[in-house]
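Please take the sequence and the model together, and follow the paragraphs below with both in view. They move from a single contact to the strands and then to the whole chain.

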Amino acid sequence: MTQIVYSTRRQRARALLAGAMTALVAACSLGTLAHAEDARIKEAVFDAQSTFFAAIVTVANDGEKWTHVLPGSVGFDARLKVDTRWPGYVERVGVWLGDCNGTGCGSNRRILYEEPLQRDYDVNRSLSFPVEKLLETRSGATSYRDLIMNGCNVRPATEAHSFKLTIDATFSANTRKATDEDNFHPLEVNGGFNGGDVTRHDTFDISVDCLGPPRQTADRNPDPDPHRTKVTATGIDLFLTTFAIPASSQRGPSGTQCKPLKVTTRVATDKAGPVSVKLWRQINGGAISGEARQMQASALGGGKFGDDWNQVEHFTQTTTVQYKAEVLGGTFGPSTKWKSITIHCNGDFAPPQSNANPDNRNPPSGKPQNEARVPTIVTPPPRVTPPRLVCIGGKVTAGACACPGRLTPVQRASASFQCVKVAQLPDRRIDAQASMPRRPWVRTQTAPGPRPQPMHRPFMRPGHR
């Protein structure tokens, strides 16, 4: 009987231990699941910005149609942000071409992958990738390769042109929860990252340049050197000039008149042949637009080759515009710097935004500040000697000629008798003496003369007369 009781107690202990182990395993499993739970999100942002000079795709032409895309790189700028609520953190992030969601992005081409392992993630990235990745991506049911080729072939093969194409992109992040940074590791899913629990979409634009057909001859003459068939651009320049027009030909609002702008793109080459050039333009700091053209370089004499592309722009108000030209078809093709000019219109007094062009400088109103002054020569008036008065038939009294109070009988008998005032001519000797230099003062003495003799009066006796 005692043996049976002991065996029963041992079985109960084993059962309790097994139950405890099962509860412990379940608790650990629940803890692991809680640890792998997705974080709650405050904000998630994906903002893609087009980069015009870094987003150009060039398509070649065989003379009949556009056939293939030339190798190169394209890209765009993006802001990536995931703000989690505590105790969440950002484990991994990625950017894919095309429109996808969550782990379904694994079938698209990925162009960015990072492992932040931090509470919040907010960065700015300049993304660049080979153009081959774009050609392998689809936009809905059509690949971007087909969209590019179809866009070029809408025009004849002899006409070079360009157009804008909008590309889809996707940003996806995987988040988790952890109260301590020590629990950020290990990663939830090892191996490749195909997307997470937070997904955002945006678009960016690229410029597709459809080049013209290659020319086998230059100016109808065969190339004497068959090993050098490619025309190489050695330089490119840009000129911005305005010119006058009739007063009634170009009027803007309120009767304003604006000068047209002539934009000249000049390219220099090592030989005659076609050169693809693109001209970029920005008006008043707005969006940048571009136009591509195939220029035909010809012999200019002296072993030089080149061509000019002239455009005339018309404006109806004061405008600041800038241009930049570059040679297409090469990785290190020459290009110009941005050149700016302000077109001023008569009657529009908006302040200019640039002084890069001499036409921008208006003369100041009023008189010039630095006015040349010519010295004035002043001639002194001649010296006048006051006349001397001579009175005939009378005398000078208080500057006037007065007749005597008593006249002789002869004077009374003569009715024509009157006092006359006569002015004598000035004495020129006085002026001559004044103009002569004065000698230093010298004290002189008069020679003594004979003394006057005293008068001797005779002695007179008293009473004698």
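**A contact between two threonines**

The side chain of Thr320 makes a polar contact with the side chain of Thr342, at 3.0 Å. This is read from a predicted model, as is everything that follows. Thr320 has its place in strand β18, which covers residues 319–327, and with a relative accessible area of 11% the residue counts as buried, because buried means under 20%.

What does Val231 touch, if residues up to four places away in sequence are not counted? The residues it touches are Thr269, Asp270, Lys271, Ala272, Gly273, Pro274 and Val275. For one of these, Pro274, the separation from Val231 is 43 residues in sequence, while the C-alpha atoms of the two are 6.9 Å apart in space.

The strands can be followed next, beginning with a sheet. Strands of a sheet pair through backbone hydrogen bonds, in either a parallel or an antiparallel sense. Here three strands, in the order β1-β4-β7, form an open sheet with antiparallel pairing. Because β1 (41–50) and β7 (120–130) stand at the edges and each has a single partner strand, one side of each is left without a neighbour in the sheet. On average, and with direction ignored, neighbouring strands of this sheet are turned by 15 degrees against each other. Between β1 and β4, the latter made of residues 73–84, the antiparallel pairing extends over nine bridges, and the bridge partner that Gln49 has in β4 is Asp77.

Another antiparallel pair is formed by β2 (residues 56–61) and β3 (residues 66–69), which are joined over three bridges. In this pair, Asn61 stands opposite Trp66 of β3. The two strands form a hairpin with four residues between them, and in the turn Gly63 has a positive phi of about 105 degrees.

Finally, the protein can be viewed as a whole, with its five helices and 24 strands. Among contacts between residues at least 6 apart in sequence, 72% join residues that are at least 24 apart. The accessible surface of the protein comes to about 31,300 Å², and 53% of that surface belongs to carbon and sulfur atoms.

Definitions and conventions. Residues numbered from 1 in each chain as written. Predicted model: local features only at pLDDT ≥ 70, side-chain atom pairs only at ≥ 80, totals over all residues. Heavy atoms only, no water. Contact = heavy atoms within 4.5 Å. Pairing = 2+ DSSP bridges. Buried < 20%, exposed > 50% of the residue type's maximum accessible area, 1.4 Å probe, protein only. Polar contact = N/O pair within 3.5 Å; in protein donor to acceptor, adjacent residues only side chain to side chain. Axes fitted to C-alpha atoms, helices over the stretch in contact; angles between N-to-C directions. Areas by Shrake-Rupley, 256 points an atom, 1.4 Å probe, with all protein chains shown as cover.
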